[in-house]
Amino acid sequence: MYELKNHTETVVRQALQDYLKRKPLSCGCERCQADIMAMALNRLPARYFVSLKGEIITQWESQALPDQARVMAEVVRACQQVDASPSHE
Ligand SMILES: [Zn+2]
């Protein structure tokens, strides 16, 4: 019924979608996007919270979040890395 969520993941996913709209990768498949998410998340602090399953979280903006500029910088860096050498053929 309860699940752990990492708010940083939500923020990174949003930042990635925004970035890809402006600057599409040569391959934007699910695998590459997952690689980018993993790479960026490993470099950013996690922000876990408990959520009721299915509940839409709206109060997270009040929590201490990783800096937006830092999130975007890590997303851009991960995009460039994956774009240069995708982990699949
Ligand atoms: Zn790909």
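Which residues in α2 meet α3? In this predicted model, Cys32, Asp35, Ile36, Met39, Ala40 and Arg43 of α2 meet Glu74, Val75, Ala78, Cys79, Gln81 and Val82 of α3, a contact being scored where C-beta atoms, placed from the backbone, lie within 7 Å. Residues are numbered from 1 along each chain as its sequence is written. Because the model is predicted, local features need pLDDT of at least 70 and side-chain atom pairs count only at pLDDT 80 or more, while totals for chains, interfaces and linings use all residues.

The protein chain has 3 helices and 2 strands, arranged along the sequence in the pattern β-α-α-β-α; helices (H or I, at least four residues) and strands (E, at least two) are DSSP runs, numbered from the N terminus. Of the 89 residues in the protein chain, 15% are buried, a residue being buried if 20 or more other C-beta atoms lie within 10 Å of its own, exposed if 12 or fewer, and partly exposed in between, with C-beta atoms placed from the backbone. Among contacts between residues at least 6 apart in sequence, 87% join residues at least 24 apart.

Two packed helices are described by the angle between their axes and the distance between the axes. For helix α2 (residues 30–43) and helix α3 (residues 68–84), the axes come within 9 Å and cross at roughly 135°; axes are lines fitted to C-alpha atoms, for helices over the stretch in contact, and angles run from 0 to 180 degrees between N-to-C directions. The helices α2 and α3 are therefore oblique to each other, given that angles under 35 degrees count as roughly parallel, over 145 as roughly antiparallel, 65 to 115 as roughly perpendicular and the rest as oblique. The residues of the contact of α2 with α3 divide into 8 nonpolar, 1 polar and 3 charged, where Ala, Val, Leu, Ile, Met, Phe, Trp, Tyr, Cys and Pro count as nonpolar, Asp, Glu, Lys and Arg as charged, and the others, Gly among them, as polar.

The axes of α1 and α3 come within 9 Å and cross at roughly 60°, which makes α1 oblique to α3. Here Val11, Val12, Ala15, Leu16 and Tyr19 of α1 contact Val71, Met72, Val75, Val76 and Cys79 of α3, and by class this contact has 10 nonpolar, no polar and no charged residues.

The largest nonpolar core, 12 residues in all, comprises Val11, Val12, Leu16, Cys32, Ile36, Ala40, Leu41, Val71, Val75, Ala78, Cys79 and Val82; such a core is a set of buried Ala, Val, Leu, Ile, Met, Phe, Trp, Tyr and Cys residues joined through C-beta atoms within 7 Å. Two or more residues of this core come from each of α1 (7–22), α2 and α3, and α3 gives the most, with 5 residues.

Met39, in helix α2, counts as partly exposed, with 17 C-beta neighbours inside 10 Å. Leaving aside neighbours within four places in sequence, Met39 is in contact with Ala78, Gln81 and Val82, and its C-alpha atom is separated by 8.2 Å from that of Glu74, 35 residues apart along the chain. Pro66, found in the loop between β2 (48–52) and α3, is likewise partly exposed, with 17 other C-beta atoms within 10 Å. Not counting residues up to four places away in sequence, Pro66 touches Thr8, Val11, Leu44, Pro45 and Val71.

Key:
Two residues are in contact if their C-beta atoms, placed from the backbone, lie within 7 Å.
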